[in-house]
Amino acid sequence: MGSCIRPYDLTLPASARAQALGQKPCCLWLTGLSGAGKSTLANSLDLALHQRGLHAYVLDGDNLRNGLCRDLGMSAAERSENSRRIAEVAKLMVEAGLVVIVSAISPFQADRDAARALFEPGQFRCVYVSTSFEECARRDPKGLYRAAREGRIHNFTGFDSPYEPPYDADCEIDTARLSIPEATQALIELLTPEA
């Protein structure tokens, strides 16, 4: 069946959609441990871009696990599938002309490589939210680190499931050293160097 399915070429190209919005679409992929500050930073950046008249959208890992990815667990294979689905949605949204901000642990380098490969050169930027395991565990905003220590959850990234820091990050942000406004400004400058 799969060999019979071929992509349909749309008449309106992605470049026309971007031109209509007056912006350069891209995917900004925030990766890091649970509690590192990815969602808070993504939300702050989304607001800042909106205030500048840019059209952006946040694809948050937790939100997607309540809908598109709710059938997936936390095994390595399911985490890879989670990243694959997020990347495919992000690609469609970039083709629609948007700035897409992905906030997802996405622990494996191979999955982030596969995500990057979906995009045109320069359309994908990986941001490593490098807040340390110790700081994330201290924050523990959802109680997950405590639950992992107590054996109530398994396959928890950084605890009993690996996290592979990106070797190709376009930007690294430690939210224990930078405030959210400072980190947001750094990402704005990454996206719009003239800002």
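Helices (H or I, at least four residues) and strands (E, at least two) are DSSP runs, numbered from the N terminus. The model is predicted, so local features need pLDDT of at least 70 and side-chain atom pairs count only at pLDDT 80 or more, whereas totals for chains, interfaces and linings use all residues. Residues are numbered from 1 along each chain as its sequence is written, and side-chain values use heavy atoms, without hydrogens and water.

Strand E1 (residues 26-31) is largely enclosed by the rest of the structure, because six of its six residues are buried (under 20% relative accessible area, with exposed over 50% and partly exposed in between; 1.4 Å probe, protein chains only). Cys 26, Leu 28 and Leu 30 point one way from E1, and Cys 27, Trp 29 and Thr 31 point the other way. E1 runs parallel to strand E3 (residues 99-103), joined by five bridges; strands pair if DSSP finds at least two bridges between them. Leu 28 has Ile 101 of E3 as its bridge partner. Five bridges also pair E1 with strand E4 (residues 124-129) in the parallel sense, where Cys 27 is partnered by Phe 124.

Gly 37 lies in the loop between E1 and helix H2 and is buried, with a relative accessible area of 14%. Residues up to four places away in sequence aside, Gly 37 touches Arg 139 and Thr 175 (contact: heavy atoms within 4.5 Å). Gly 35 is found in the loop between E1 and H2 (38-51) and is buried at 17% relative accessible area. Beyond neighbours within four places in sequence, Gly 35 contacts Cys 136, Arg 139 and Pro 141.
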